[in-house]
Amino acid sequence: MKLRLCHLYPELLNLYGDRGNILVLCRRAEWRGIAVEVTPVSLGDKLDPQGYDLIFLGGGPDQEQGVASADLLAKGPWLKEAVEAGVALLAICGGYQLLGEYYRTGSGETLPGAGLFAAYTEAGTRRLKGNIAIQVEELEVDRPVIGFENHGGRTFLQGARPLGRVIYGDGNNGSDGTEGARYKNAVGTYLHGPLLSKNPHLADYLLRLALQRRHGEVELPPLDDSLEFAVNEAVYRRFLPTKGKW
Amino acid sequence: MLRPFLAFWAGRLAAFICRLWQRGGTSLPGYLALKIDPDIMGRLASRYKQIILVTGTNGKTTTANLLASICRAAGLQVVHNSEGANMPAGVTTALLNRRGDIAVLEVDEGTLGLVTRQVRADGVIITNLLRDQLDRYHELEQLAAAISRALEAIPAAALILNADDSLVTSLGRGRDRVRYFGLARTPWSQEITSEVLEGHICPLCRRPLEFNYYHYSHLGDYSCPRCSYSRPAAEYEGRVLVLNADGARFDLIYPEGRLPLRTPMPGIYNVYNVLAAAGAALQLKIDPATIARVVAAFLPGQGRAENFSLRSKKLTLMLVKNPAGLSVALKTLTSGRGKATYLLAINDLAADGRDVSWLWDADLTPLLRAPYQRIICAGLRAGDMAICLKYQGVRERDLKVIPGQEESVDFLLEEPGAEGIILCTYTNLALYRRILKKRGAVSEVTPLPSLSGTP
Ligand SMILES: [Zn+2]
């Protein structure tokens with residue numbers, strides 16, 4: 001069995017430890033004897049819709065994101081074809097925004113997105129920034145997914161289902177309690193950086209999604225995640241707002 | 001006319017009281033003076049013959065301290081915010097001092113505009129624009145744009161810019177008086193980098209830049225494949241660099257000659273600090289022999305790679321505050337060292353940066369390859385550090401997670417082996433210093449070169 005990962009624009013969209021997610025997926029596959037191949041796909045490269053099991057797209061600074069967004073529009077049809085065929089996808093922060101229908105800037109300009117998620121994003125004034133915890137229904141382990149968010153845009157779902165419900169933090173827009181978006185095996189989220197490192201249950205969920213298209217239901221042998229879950233628990237509790245406090 | 005007078009004397013009085021209480025490094029006098037007279041910074045600055053500002057994301061404290069030491073050794077009367085109080089209040093506090101020939105002022109890169117609005121600087125040194133607490137200045141390019149606007153207020157100032165940093169060189173466009181410092185290819189230069197990059201978009205045509213090699217982070221030799229933009233020739237260039245655990249030596253090639261330099265400060269980032277300060281000193285027409293003498297003796301103050309002896313152990317304490325800093329610290333401190341215990345103390349308070357995702361952007365390979373006794377992870381984000389190391393290949397039995405700082409030091413002292421390396425984020429630094437002192441550690445920091453200039 002081999003896991004084929006595609007890392008989109010690794011040299012442009014690489015803020016906040018995003019590449020940690022690739023490392024976590026690779027290690028968790030390798031520890032179970034699954035070989036991994038990571039292919040960087042960048043500006044002007046063709047994206048083979050059938051060539052990968054999971055496509056990863058991170059966030060980047062404004063300039064880099066601008067450069068990537070133009071190219072991503074051209075790759076949009078391939079990305080859609082891949083996701084329609086059941087390929088898994090993880091898009092974080094800026095990458096998540098670029099896969100929505102459009103982004104409306106502060107000056108009212110509308111920048112088209114790849115249109116994978118039925119959602120749009122608007123520029124906000126205050127950045128939504130801080131520790132966040134969400135509840136994701138599909139996971140096999142009943143623990144929150146925790147992370148850090150830092151985004152100026154507010155995303156509103158237009159039919160896409162959310163990845164999860166906000167326990168604390170802002171999520172998509174700070175108002176409707178949703179976080180991220182789902183379409184088939186594609187996941188978009190504002191939980192940036194090495195999200196999968198403290199959420200091994202989410203990492204394994206994505207691994208299963210990635211492998212099932214070519215290998216059917218895959219049984220992943222359990223790993224010793226005591227360190228990961230201990231940190232998940234400690235960080236979750238530390239930022240949990242105390243109820244009834246003035 | 002009463003207001004400036006009042007402001008000046010209120011500030012001086014506060015400074016006097018602070019000294020009486022032996023509370024160094026405070027910004028309170030400047031804060032008070034600015035409250036009374038918001039324009040006082042400019043008024044005070046006009047009392048100096050020359051004003052040099054030092055800014056950038058990393059290395060500005062070391063660069064400014066070194067330049068001030070060189071100026072003092074050359075017999076100049078120097079005023080300087082040496083405790084790193086680099087916000088407008090700290091700059092004003094420094095200027096409240098006696099008159100002098102030259103003010104060497106470290107200025108926070110985010111508030112440079114507040115200073116240049118009032119202070120007609122003669123020169124500005126910009127060390128680099130590396131990623132540093134992005135949740136505070138969340139985009140480096142926005143920071144570069146803000147610095148560019150701040151420089152527009154002082155069009156006549158001479159700039160000394162880092163040639164190897166494409167974001168910094170973009171600040172020299174359209175200016176008359178610009179000189180560059182940089183580093184020629186070294187044996188450590190790499191054609192690819194495993195550190196995460198920023199600032200690699202052409203400032204003219206917005207295409208990704210191509211790199212012949214990297215020194216560290218995004219510093220290196222770059223050119224745009226589309227337009228003419230490329231690394232400018234450096235008037236102050238370091239060549240034939242030799243790096244080792246005891247420091248570095250290299251030749252500084254400048255328009256009038258060649259100056260061999262030796263610094264006890266380890267790490268390639270300190271080579272840049274020396275290049276910037278020595279370049280500025282040469283521009284100030286200071287005797288090259290004086291520059292070499294001060295550089296050879298200069299060691300930074302507390303916190304930046306400080307050595308201690310405690311019981312039978314030799315301990316090194318060092319501040320790390322961003323991925324580039326952590327990468328370089330590990331590269332430097334592991335080089336040529338035997339089996340040591342490493343302690344990484346990571347906090348996420350406001351001064352550290354709330355988001356610790358940056359740990360995953362650092363190049364930890366020097367540590368992974370080093371002979372380590374054990375790696376202790378401490379601080380509020382001990383667990384994040386441990387997970388990061390686990391996924392990079394450290395066996396869990398070689399890892400120890402001890403969030404409590406006191407307990408982590410006690411554990412370290414019980415480990416076998418003679419050496420301990422403690423890397424701390426900002427808010428852990430003073431804490432670990434205190435913990436070590438409390439247990440009887442003796443600091444081995446060599447003091448700054450004396451004011452009279454004798455090495
Ligand atoms: Zn160009």
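Predicted model: local features only at pLDDT ≥ 70, side-chain atom pairs only at ≥ 80, totals over all residues.
For reference, the ideal angle for four tetrahedral donors is 109.5 degrees. The donors are the SG atoms of B:C202, B:C205, B:C224 and B:C227, at 2.2 to 2.3 Å from the ion. A donor here is an N, O or S atom within 2.8 Å of the metal (3.2 Å for Na, K and Ca), and since water is not among the atoms, sites may look incomplete. Along the sequence, the donor residues follow the spacing C-x2-C-x18-C-x2-C. B:C205 sits in the loop between β6 (178-183) and β7 (210-216) of chain B, and B:C227 in the loop between β8 (219-223) and β9 (236-244) of chain B, so this pair ties together parts that are 22 residues apart in sequence. Helices (H or I, at least four residues) and strands (E, at least two) are DSSP runs, numbered from the N terminus. B:C205 is partly exposed at a relative accessible area of 23%, and B:C227 is partly exposed at 26%.

Residues are numbered from 1 along each chain as its sequence is written, chains are lettered from A and ligands numbered from 1 in the order in which they are written, and side-chain values use heavy atoms, with hydrogens and water left out.

Let us turn to charged pairs. Side chains of opposite charge can pair when their charged atoms come close. With a salt bridge taken as a side-chain nitrogen of Lys or Arg within 4 Å of a carboxyl oxygen of Asp or Glu, the count over all chains comes to 37. One of them joins B:E237 to B:R231, with the closest N and O atoms 3.1 Å apart, and both residues are buried. Another links B:K438 and B:E406 at 2.9 Å, N to O. B:K438 belongs to helix α15 (residues 426-438) of chain B and B:E406 to helix α14 (residues 405-414) of chain B, so the pair ties together parts that are 32 residues apart in sequence. In this pair B:K438 is exposed, with a relative accessible area of 61%, whereas B:E406 is partly exposed at 28%. There is also a network of salt bridges that links A:K198, A:R238, B:D348, B:R381 and B:D384.

One of the buried residues is B:K390, at 7% relative accessibility. Its side chain meets that of B:E396 in a salt bridge (3.0 Å, N to O), and B:E396 is partly exposed at 32%. Just after the helix, B:G393 takes a positive phi of about 120°.

Chain B has another covered helix to visit. In α5 (residues 88-95) of chain B, eight of the eight residues are buried, so this helix is largely enclosed by the rest of the structure. Its buried residues pack against α2 (28-36), α3 (40-45), β2 (78-80), β3 (102-106) and α6 (112-116) of chain B. Elsewhere, B:G56 is found in the loop between β1 (50-55) and α4 (60-73) of chain B and is buried at 0% relative accessibility. Beyond its neighbours within four places in sequence, B:G56 is in contact (heavy atoms within 4.5 Å) with B:E109, B:I126, B:T127 and B:N128.

Finally, consider chain A as a whole. Chain A holds five helices and 12 strands, and 59% of its 246 residues are buried. Among its contacts between residues at least 6 apart in sequence, 71% join residues at least 24 apart.

Conventions:
Buried < 20%, exposed > 50% of the residue type's maximum accessible area, 1.4 Å probe, protein only.
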